[in-house]
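These are my notebook entries on one protein model. I set down what I looked up, in the order in which I looked.

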Amino acid sequence: MPAMSETEIQQRLAELGNWSREHGTITRRFEFASFVEAFGFMASVALLAEKADHHPDWCNSYRRVTISLTSHDLGGLSERDFALATAIDRLLEPAPQGQG
């Protein structure tokens, strides 16, 4: 998978909305109600990352989590970064309401 062009990066970044470009990465900061909630989120992200064989750089401080994605092996951003960012965002979507 090749590194993305600047045009491709800008287009995909606009689609994500909540991620920003920082020092060759795409980055998003998350804030949760508690440390336990933040840690649970990180555990869920870890499972996604392992399945995708694409691991984030991240930082946790109490109830805040910062995730940065880049394709180190390509020296830039690739579709893998945006696919994982999209999957991470989906973790935060509300669960569908069941029909009773």
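**Entry 1**

I began with the buried residues of α1, which pack against β1 (20-22), β2 (25-31) and α3 (79-91). Contact here means heavy atoms within 4.5 Å. Helices (H or I, at least four residues) and strands (E, at least two) are DSSP runs, numbered from the N terminus. I noted that this is a predicted model, in which local features need pLDDT of at least 70 and side-chain atom pairs count only at pLDDT 80 or more, while totals for chains, interfaces and linings use all residues. Residues are numbered from 1 along each chain as its sequence is written, and side-chain values use heavy atoms, with hydrogens and water left out.

Which residues of α1 are buried? I found Ile9, Arg12, Leu13 and Leu16 in this helix, which spans residues 6-16. Buried means under 20% relative accessible area, exposed over 50%, and partly exposed in between (1.4 Å probe, protein chains only). I recalled the general rule: an α-helix has 3.6 residues a turn, so residues three or four places apart point the same way. On the other side of α1, I found Thr7, Gln11 and Ala14 exposed. Just after α1, Gly17 has a positive phi of about 85°.

**Entry 1: α1 against α3**

I then looked up how α1 and α3 are placed. Their axes come within 11 Å and cross at roughly 0°. That makes α1 roughly parallel to α3. Axes are lines fitted to C-alpha atoms, for helices over the stretch in contact, and angles run from 0 to 180 degrees between N-to-C directions. Angles under 35 degrees count as roughly parallel, over 145 as roughly antiparallel, 65 to 115 as roughly perpendicular and the rest as oblique. From α1, the contact is made by Ile9, Arg12, Leu13 and Leu16. From α3, Glu79, Phe82, Ala83, Ala85, Thr86 and Asp89 take part.

**Entry 2: salt bridges**

How many salt bridges does a search of the whole structure find? I recorded 7. A salt bridge is a side-chain nitrogen of Lys or Arg within 4 Å of a carboxyl oxygen of Asp or Glu.

One of them joins the side chains of Glu6 and Arg21, at 2.6 Å from N to O. Glu6 lies in helix α1 and Arg21 in strand β1, so the pair ties together parts that are 15 residues apart in sequence. Glu6 is partly exposed, with a relative accessible area of 42%, and Arg21 is partly exposed at 35%.

I next examined Glu79 and Arg12, whose side chains meet in a salt bridge at 2.7 Å, N to O. Glu79 belongs to helix α3 and Arg12 to helix α1, so this pair ties together parts that are 67 residues apart in sequence. Arg12 is buried, with a relative accessible area of 17%, whereas Glu79 counts as partly exposed at 32%.

I also noted a salt bridge between Glu22 and Arg29, with the closest N and O atoms 3.0 Å apart. Glu22 is partly exposed at 25% relative accessibility, and Arg29 is exposed at 51%. Salt bridges that share partners join Arg12, Glu15 and Glu79 into one network.

**Entry 3: aromatic rings**

A search of the whole structure gave me 5 aromatic pairs. Rings of Phe, Tyr and Trp (its six-membered ring) pair if their centres lie within 6.5 Å; planes under 30 degrees apart count as stacked, over 60 as edge-to-face and the rest as tilted. The rings of Phe30 and Phe32 have their centres 6.4 Å apart and their planes at 15°, so the pair is stacked. Both of these residues, Phe30 and Phe32, are buried. For Phe32 and Phe41, the centres are 4.9 Å apart and the planes lie at 40°, so the pair is tilted. Phe41 is buried, as is Phe32. Ring pairs link Trp19, Phe30, Phe32 and Phe41 into a cluster.

**Entry 4: the whole protein**

Last, I looked up the overall layout. I counted 3 helices and 4 strands, in the pattern α-β-β-α-β-β-α along the sequence. Of the 100 residues, 34% count as buried.
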